[in-house]
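Morning, everyone. Please take a look at the model on the screen. I'll talk about cavities and then about salt bridges.

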Amino acid sequence: MATVSPTPLLKDELDIVIPTIRNLDFLEMWRPFFQPYHLIIVQDGDPSKTIKVPEGFDYELYNRNDINRVLGPKASCISFKDSACRCFGYMVSKKKYIYTIDDDCFVAKDPSGKDINALEQHIKNLLCPSTPFFFNTLYEPYRDGADFVRGYPFSLREGVPTAVSHGLWLNIPDYDAPTQLVKPLERNTRYVDAIMTIPKGTLFPMCGMNLAFNRELIGPAMYFGLMGDGQPIGRYDDMWAGWCTKVICDHLGLGVKTGLPYIWHSKASNPFVNLQKEYKGIYWQEELIPFFQSVTLPKDCTTVQKCYIEISKQVKAKLGKVDDYFNKLADAMVTWIEAWDELNPSPSGIKPAELPNGATK
């Protein structure tokens, strides 16, 4: 039987964002953990279709007509027929924290057979500092029973604020289409009881199906790009957001954690359909990764918005020649920030008097 904290953590400070094209029966399994929280459901596809949500949940639901109504001409920056539409939920939220999950993700069990409260673990990750400037070989030094190892500089032990908590998945791995095709029966059964901070200067493949972040610290960078209908690429939405976010976190001295919590990923998407969506991305990522590895942001980029606009300029200048799609994407990045600032008039980015300890520019 699932157990929940008597008072849910951050009950009034967190929204759960779910992109979907179907009835949300999966919420029944999550009821013990999600029911106290506000849900933002972003309905993809046909807006005339009615999505059923189980009774007892506090939610608001937006379809494509609502997105067009709220954003007007700026709605062009929100992807259609792709789970990237979820980032509209980040934009309209008024909470400090966001947890986003896919509707094919169920409650996983830890090795002892107990239900994992993924949301609670994400919140703990976000409320705990990160250590991006010096790696602790025992991974997460702030966990019970752990600490900083011998030789870890005392000046860095305070850590920096955590902007992103990236969770993992049991059962169906998050593979690209070629790997899916050669390993169709592979399942992830290995539960690794670890959380670590991704070091400064290191990129990672961010998966959006089990992800939490501090919206006030990094929200404007969580743009899932232009994907899906009318675009030459899909399934790179969370990757794009992850690369932009990590570069900005490194610049502003913020942390990204990966590891716990696990969810149970219940079904594999069709590898042949995925290959159609991904094949350009598989080529392009060989140019994209060196691009993001070499991005430098000037000192006057002191907010997430300023950093993001600067990245969009560099995307246009350096990736526009790879394909015209990147010129379109760069323009959409600017539109996204304009729309974000219209809906969130108070500055969302942090403006530190100086970067947190260990960060140098």
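Start with a term: helices (H or I, at least four residues) and strands (E, at least two) are DSSP runs, numbered from the N terminus. This is a predicted model, where local features need pLDDT of at least 70 and side-chain atom pairs count only at pLDDT 80 or more, while totals for chains, interfaces and linings use all residues. Residues are numbered from 1 along each chain as its sequence is written, and side-chain values use heavy atoms, with hydrogens and water left out.

Cavities, then. On a 1 Å grid over the protein atoms alone, a cavity is a set of points where a 1.4 Å probe fits but cannot get out. Lining residues have an atom within 4 Å of a point. Grid points are joined across faces, edges and corners, and a volume is the space filled by probe spheres set on the points.

How many cavities of 30 Å³ or more are there? The count is 3. Let's take the second largest cavity, with about 50 Å³ of space. Its lining includes Trp 240, Trp 243, Trp 284 and Leu 288. Tyr 325, Phe 326 and Leu 329 are also among the lining residues. Helix H7 (237-252), helix H8 (271-294) and H10 each give two or more residues to this lining. Which element gives the most? That is H10, with 3 residues.

What classes of residue line this cavity? The lining has 10 nonpolar, no polar and no charged residues. Here Ala, Val, Leu, Ile, Met, Phe, Trp, Tyr, Cys and Pro count as nonpolar, Asp, Glu, Lys and Arg as charged, and the others, Gly among them, as polar.

Now the charges. Side chains of opposite charge can pair when their charged atoms come close. A salt bridge is a side-chain nitrogen of Lys or Arg within 4 Å of a carboxyl oxygen of Asp or Glu. The whole structure has 14 of them.

H10 comes back here. Lys 316 and Asp 331 form a salt bridge, at 2.5 Å from N to O. Lys 316 sits in helix H9 (residues 304-319) and Asp 331 in helix H10 (residues 325-343), so the pair ties together parts 15 residues apart in sequence.

Buried or exposed? Buried means under 20% relative accessible area, exposed over 50%, partly exposed in between (1.4 Å probe, protein chains only). Lys 316 is partly exposed at 36%, and Asp 331 is partly exposed at 40%.

One more pair: Lys 109 and Asp 115, with their closest N and O atoms 2.7 Å apart, form a salt bridge. Lys 109 is partly exposed at 47%. Asp 115 is partly exposed at 24%.

Methods:
On a 1 Å grid over the protein atoms alone, a cavity is a set of points where a 1.4 Å probe fits but cannot get out, and a pocket is an open set with protein on both sides within 12 Å along at least five of seven lines; lining residues have an atom within 4 Å of a point.
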